[in-house]
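The sequence and the structure come first, followed by the notes.

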Amino acid sequence: MELNKVVVKFINGTIMKGRTNDFLPHKKRFHLEQRNGEIIEVDVDQLKAIFFVTDHEGDKNHIKSYNETVPGGGRKIKVTFFDGECIIGYTQGYSTDRNGFFMTPADLKDNNSRIFVVMSSAVNIEFQRASLDEKQSTDNKQALNMLKK
């Protein structure tokens, strides 16, 4: 099984970087192979979120833009965490009955490919309306697909 690069943010502010291949959203624990090779067990209840990343370093100069449409990404959602951090993206699996949910960042140039939000760390979750530009882009894509058929 392929190892996923992750950045794990804990509710106490600790950040760990490494790789995992056994994280499942319905399980309470998973293993993190840290960058120094040490493998630890992580308790999901102690986390804010798990960021599945392209690169562990990221681009500190990247300016986030949340106006992009993620094809097949589901509904646009804004998550505000207990520490004030806000993330905007798309989700297909949000449910208040679950421990958490995956979302895809609305910024397609972001270092995060997807994020698992731990429900207990979010203080506000709200669905967003698609912007006029996003709606027009989606409508244009749908019309183009109709013409291709």
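This is a predicted model: local features need pLDDT of at least 70, side-chain atom pairs count only at pLDDT 80 or more; totals for chains, interfaces and linings use all residues.

Strand β5 (residues 47-53) is largely enclosed by the rest of the structure, because seven of its seven residues are buried. The protein chain holds one helix and ten strands.

**Overall layout**

- Along the sequence, the protein chain reads β-β-β-β-β-β-β-β-β-β-α.
- Of the 149 residues in the protein chain, 34% are buried.
- Among contacts with a separation of 6 or more, 51% are between residues 24 or more positions apart.
- The protein chain exposes about 9300 Å², and carbon and sulfur atoms supply 49% of that area.

**The sheet**

- Ten strands form an open sheet with antiparallel pairing, in the order β4-β3-β2-β1-β5-β9-β8-β7-β6-β10.
- The edge strands are β4 (39-43) and β10 (122-127), and each of them pairs on one side only.
- From one strand to the next, the twist averages 40°.
- In a regular strand, side chains alternate between the two faces of the sheet.

- Strand β1 (residues 4-10) runs antiparallel to strand β2 (residues 15-20), and six bridges join them.
- Val 6 has Gly 18 in β2 as its bridge partner.
- β1 is also joined to β5, by five bridges, and these two strands run antiparallel.
- Val 8 stands opposite Ile 50 in β5.
- β5 pairs with strand β9 (residues 112-118) in the antiparallel sense, over five bridges.
- In β9, Asn 112 is the bridge partner of Val 53.

**Salt bridges**

- Side chains of opposite charge can pair when their charged atoms come close.
- The count comes to six salt bridges, taking a side-chain nitrogen of Lys or Arg within 4 Å of a carboxyl oxygen of Asp or Glu.
- Lys 28 and Asp 45 meet through their side chains in a salt bridge, at 3.5 Å from N to O. Lys 28 lies in the loop between β2 and β3 (29-34) and Asp 45 in the loop between β4 and β5, so the pair ties together parts that are 17 residues apart in sequence.
- Lys 28 is partly exposed at 43% relative accessibility, and Asp 45 is partly exposed at 35%.
- Glu 41 and Arg 29 form a salt bridge at 3.4 Å, N to O. This pair links distant parts of the chain, with Glu 41 in strand β4 and Arg 29 in strand β3, twelve residues apart.
- Arg 29 is partly exposed, with a relative accessible area of 45%.
- Glu 85 and Lys 48 form a salt bridge at 2.3 Å, N to O. Glu 85 lies in the loop between β6 (75-81) and β7 (86-91) and Lys 48 in strand β5, so the pair ties together parts that are 37 residues apart in sequence.
- Lys 48 counts as buried because its relative accessibility is 3%, whereas Glu 85, at 26%, counts as partly exposed.
- A network of salt bridges links Lys 9, Lys 48, Asp 83 and Glu 85.

**Nonpolar surface**

- Ile 11, Phe 82 and Val 123 form a nonpolar patch on the surface, and together they have about 270 Å² of accessible area.
- Val 123 counts as exposed because its relative accessible area is 58%, and the cut-off for exposed is over 50%.

Technical notes
Residues are numbered from 1 along each chain as its sequence is written. Side-chain values use heavy atoms; hydrogens and water are left out. Two strands pair if DSSP finds at least two bridges between them. Helices (H or I, at least four residues) and strands (E, at least two) are DSSP runs, numbered from the N terminus. Axes are lines fitted to C-alpha atoms, for helices over the stretch in contact, and angles run from 0 to 180 degrees between N-to-C directions. Patches are made of residues with over 30% relative accessible area and no salt bridge: like charges are joined within 9 Å, nonpolar side chains (Val, Leu, Ile, Met, Phe, Trp, Tyr) within 5 Å. Accessible areas come from the Shrake-Rupley method with a 1.4 Å probe; for residues, only the protein chains shown count as cover. Buried means under 20% relative accessible area, exposed over 50%, partly exposed in between (1.4 Å probe, protein chains only). Contact means heavy atoms within 4.5 Å.
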